Amino acid sequence: MTLNKVYYSGGEEIRDLTIVGGGPTGIFAAFQCGMNNITCRIIESMPQLGGQLAALYPEKHIYDVAGFHEVPAAGLVDSLWKQAERYHPEINLGEAVTRYRKLDDGSFETTTTSGKVFLSRALLLAAGLGAFTPRTLPQLGRVDHLEGMSIFYAVKNISDFAGKKVVIVGGGDSALDWAVGLLDAAEHVTLVHRMHEFQGHGKTAREVDEAKDQGVIDVYMDTEVTAVQTVEGEMKNVTLVRKNGAAIQVEADRLLILIGFKSNLGPLAEWDLELVDNALVVDSHMKTSVDGLYAAGDIAWYQGKLKIIQTGLSDAAMAVRHSLNYIRPGEKIKHTFSSVKMAKQKKNEQ
């Protein structure tokens, strides 16, 4: 993915909209800015665009985005970027936003950890649920020396598990997806879940049960991983303990812990904005309690909100559309269908 990275220290370049967060919602918001003829920038704390999709599970397949019967997370990010890049949005990577200030003229000043200050006429928060850290297994003690080598909290490269004996911990969608997804790559897959039933999607749970019945995967319910054994720094076994106290030794080269993530809004939680369930309350125009400041995606809360990618994309379109009334006060906003706009654009390019 080739990005047009432009950095403006001191904020001498004002944009119509600053988008905080470069996940699917933020990228699609940049596309919507182009469709509505306004300038924008994305500020993303990670070293690449894509949010959770790129950072946590780029090779995981997604099935519930309209128009894609099945798409790898990284592939969806690429498609979203190809859609947005025609408008050359300003991209600022590795910059975490620490505070904002609304100026007397109604514009916004946004400051990042590096001290850079960005100016815009309106502000859109699309930062997901904030910073994510994986949930760990405290009973394993200090295992940071094994993380990224033998212990993983996400699948970024399937090659890390190719030909290995993999023990997966968890019973949600991610654990079930990768229990099935790694069958062709790994030498053997063992799934361990501390509860008596799975919490993931029924279809994937059935696939896991079918694989178990066929003898191609081992499944331990009501069981926890309590220890790992290494030889010369290489993982060799893990200890499983069942609810009845019975201990089992299982050979393992890789331990994949998929028991969720802890989210933290960080500085955003201190911005004196109305919060519900650790998300920003917005109205039907995706506006927060501050005029000119909008939110979209998982970070936005409204009655009946469904936290899926598809909803985030819709939120982004709504937020950008309604921000026009703030960015261009008094101007009559006309809706243009994308097919008409693109046809005119292609004609002008000829």
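Hi everyone, and thanks for coming. Please keep in mind that what you see is a predicted model.

Let's begin with the whole chain. It has 350 residues, and 45% of them are buried. The secondary structure comes to seven helices and 22 strands. If you draw a box around the C-alpha atoms along the principal axes, it comes out at roughly 70 × 45 × 40 Å. Among contacts with a separation of 6 or more, 61% are between residues 24 or more positions apart.

Now, the domains. The assignment gives domain 1, made of 15–132 plus 262–349, and domain 2, which covers 136–259. Their centres, taken over C-alpha atoms, are 35 Å apart. Six residues from domain 1 and eight residues from domain 2 make the contact. Together the two domains bury about 610 Å², with 47% of that on carbon and sulfur atoms.

Lys 60 and Asp 177 meet through their side chains in a salt bridge, at 3.5 Å from N to O. Lys 60 sits in the loop between H2 and S3, while Asp 177 is in helix H4, residues 173–181, so the pair ties together parts that are 117 residues apart in sequence.

Next, two helices. Helix H1 runs over 24–35, and 12 of its 12 residues are buried. Just after H1, Asn 37 takes a positive phi of about 60°. Helix H3, residues 73–84, also has a span to look at: 17 Å from first C-alpha to last, close to the 16 Å expected. In H3 the buried residues are Ala 73, Leu 76, Val 77, Leu 80, Trp 81 and Ala 84. Why do they end up on the same side of H3? Because they cover an arc of only 135° around the axis. Those buried residues pack against several elements, including helix H1, strand S5 (90–93) and helix H6 (309–327).

The side chains of Glu 90 and Arg 41 meet at 3.2 Å, N to O. Glu 90 is in S5 and Arg 41 in strand S2, residues 40–44, so this pair ties together parts 49 residues apart in sequence. Both Glu 90 and Arg 41 are buried. They also belong to a network of salt bridges that links Glu 13, Arg 15, Arg 41 and Glu 90.

For contrast, look at Asp 222 and Lys 243, whose side chains form a salt bridge at 3.8 Å, N to O. Here Asp 222 is partly exposed, at 25% relative accessibility, and Lys 243 is exposed, at 66%. Over the whole structure, the search finds 14 salt bridges.

One last stop: Phe 198, in the loop between strand S12 (188–192) and helix H5 (202–213). Is Phe 198 buried or exposed? With a relative accessible area of 17%, Phe 198 is buried. The residues that Phe 198 touches include Leu 176, Leu 191, Val 208 and Met 221.

Definitions and conventions. Residues are numbered from 1 along each chain as its sequence is written. This is a predicted model: local features need pLDDT of at least 70, side-chain atom pairs count only at pLDDT 80 or more; totals for chains, interfaces and linings use all residues. Side-chain values use heavy atoms; hydrogens and water are left out. Helices (H or I, at least four residues) and strands (E, at least two) are DSSP runs, numbered from the N terminus. The expected span of a helix is 1.5 Å times one less than its number of residues. Buried means under 20% relative accessible area, exposed over 50%, partly exposed in between (1.4 Å probe, protein chains only). The arc is that of the directions from the helix axis to the C-beta atoms. Contact means heavy atoms within 4.5 Å. Domain bounds come from an automatic or database domain assignment. Buried area is the accessible area (1.4 Å probe) that two parts lose on being put together, summed over both. A salt bridge is a side-chain nitrogen of Lys or Arg within 4 Å of a carboxyl oxygen of Asp or Glu. Lists of a residue's contacts leave out its neighbours within four places in sequence.
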